[in-house]
Amino acid sequence: MCTINKGEEVRFDYATTETVLTQDLAQTPCLCGSSNCRLFVKSYSDLSTLEKEQLKNAGLLANHIF
Ligand SMILES: [Zn+2]
């Protein structure tokens, strides 16, 4: 959690809240600019076991995901 300043760009990882993407989000390029970007918007079920564990261990998953 952090303060969002007016005009600040907000990035969101759909894999932290969505178990499956809707058809209109599937194959959507990700524009986050992160050095470890997944290149496309992903759901939790699209992630590798390692990626799932990393999100869980970082406390970033919504409660309904696991
Ligand atoms: Zn990205």
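Predicted model: local features only at pLDDT ≥ 70, side-chain atom pairs only at ≥ 80, totals over all residues.

Me: How many helices and strands does the protein chain have?

Reply: The protein chain has one helix and zero strands. Its C-alpha atoms fill a box of roughly 35 × 25 × 25 Å along the principal axes, and 5% of its 66 residues count as buried.

Me: Why is Val 20 called exposed?

Reply: Let's count. Val 20 has 11 C-beta neighbours inside 10 Å. The label "exposed" applies at 12 or fewer, so Val 20 counts as exposed. You will find Val 20 in the segment before H1.

Me: What is Val 20 in contact with, leaving aside its neighbours within four places in sequence?

Reply: Val 20 is in contact with Ser 43 and Ser 45, once neighbours within four places in sequence are left aside. Here a contact requires C-beta atoms within 7 Å. For another view of Val 20, take Asp 46: the two are 26 residues apart in sequence, and their C-alpha atoms are 7.8 Å apart in space.

Me: What makes Leu 55 partly exposed?

Reply: Leu 55 has 18 other C-beta atoms within 10 Å. Buried needs 20 or more and exposed needs 12 or fewer, so with a count of 18 Leu 55 falls in between and is partly exposed. Leu 55 sits in helix H1.

Me: Which residues does Leu 55 touch, not counting those up to four places away in sequence?

Reply: Leu 55 touches Ala 15, Thr 16, Leu 60 and Leu 61, with residues up to four places away in sequence not counted. Ala 15 is 40 residues from Leu 55 along the chain, and their C-alpha atoms are separated by 8.8 Å. Across the protein chain, residues 24 or more positions apart account for 49% of the contacts with a separation of 6 or more.

Me: How do you know whether Asp 13 is exposed or partly exposed?

Reply: The count settles it again. Asp 13 has 17 C-beta neighbours inside 10 Å. Asp 13 lies in the segment before H1. Between Asp 13 and Phe 66 there are 53 residues of separation in sequence and 16 Å in space, C-alpha to C-alpha.

Me: Why is Ser 48 called exposed?

Reply: Ser 48 has 8 other C-beta atoms within 10 Å. The limit for exposed is 12 or fewer, so Ser 48 is exposed. Ser 48 belongs to the segment before H1. Asn 36 is 12 residues from Ser 48 in sequence and 14 Å away in space, C-alpha to C-alpha.

Note on methods
Residues numbered from 1 in each chain as written. Helix = DSSP H or I, 4+ residues; strand = E, 2+ residues; numbered from the N terminus. Contact = placed C-beta atoms within 7 Å.
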